[in-house]
Amino acid sequence: MLNIVKLRNELAYEPETGLFKWLQSGSGRRADLVAGCVKGKGSNIWRRIVFDQQEYTSGQLAWVFMEGVLPDFIIDHIDQDPLNDKWMNLRRGDKCIVQRNAKKSSRNKTGITGVKWHKTSSKYHAFIGIGGKQKYLGSSADFFEVVCIRKKAEIQYNYSPKHGL
């Protein structure tokens with residue numbers, strides 16, 4: 001169980017910069033230095049901070065400082081930078097929200113997320129993820145037309161403007 005009072009006595013969070021700093025030196029930490037370290041797994045990176053022998057993401061701890069509770073949901077970074085923990089850049093997320101803010105897949109061949117070339121029909125097909133399921137939006141031999149169909153759906157389903165970049 002996270003002791004929030006103890007956390008606030010040992011660690012400082014600056015909402016404008018998103019940085020965490022230790023208030024006191026001790027056990028592998030130095031006062032006034034940025035807390036935590038950057039970890040990564042594949043293309044996924046995050047800042048981790050160990051407090052009371054428990055590992056937390058910096059986004060989780062920012063939420064604790066600002067809202068007073070440890071979140072039981074994903075913390076989404078609006079600008080897609082997992083190291084930017086400015087309070088204005090954080091929001092409550094779930095798998096759908098995170099998906100709507102995702103970068104373009106490295107396997108994408110058309111350059112536009114949700115647009116695929118279908119060899120058999122010789123047309124481009126547009127799809128979008130809604131509620132964990134893929135929805136077919138339409139098709140055309142005209143690439144620009146299919147991209148417009150996809151972009152219209154992104155607006156309709158409240159996808160981030162940075163989705164697929």
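With which side chain does the side chain of Ser140 make a polar contact? The views below take up this point and then turn to the nonpolar cores.

The model shown is predicted, local features need pLDDT of at least 70, side-chain atom pairs count only at pLDDT 80 or more, and totals for chains, interfaces and linings use all residues. Residues are numbered from 1 along each chain as its sequence is written, and side-chain values use heavy atoms, with hydrogens and water left out.

**View A. Ser140 and its polar partners.** Ser140 belongs to strand S10, residues 133–140, strands being DSSP runs of E with at least two residues and helices runs of H or I with at least four, numbered from the N terminus. The side chain of Ser140 makes a polar contact with the side chain of Glu145 at 3.0 Å, and it also reaches the backbone nitrogen of Asp142 at 3.0 Å.

**View B. The surroundings of Ser140.** Not counting residues up to four places away in sequence, Ser140 touches Lys123, Tyr124, Glu145 and Val146, where contact means heavy atoms within 4.5 Å.

**View C. The largest nonpolar core.** A nonpolar core is a set of buried Ala, Val, Leu, Ile, Met, Phe, Trp, Tyr and Cys residues joined through side-chain atoms within 4.5 Å, buried meaning under 20% relative accessible area with a 1.4 Å probe, protein chains only. The largest such core has 19 residues, and Leu2, Leu7, Leu11, Tyr13, Phe20, Ile49 and Leu61 touch the most other members. Its largest share, five residues, comes from helix H2.

Key: A polar contact is a pair of N or O atoms within 3.5 Å; within protein, one must be able to donate a hydrogen and the other to accept it, and residues adjacent in sequence count only if both atoms are side-chain atoms. Buried means under 20% relative accessible area, exposed over 50%, partly exposed in between (1.4 Å probe, protein chains only).
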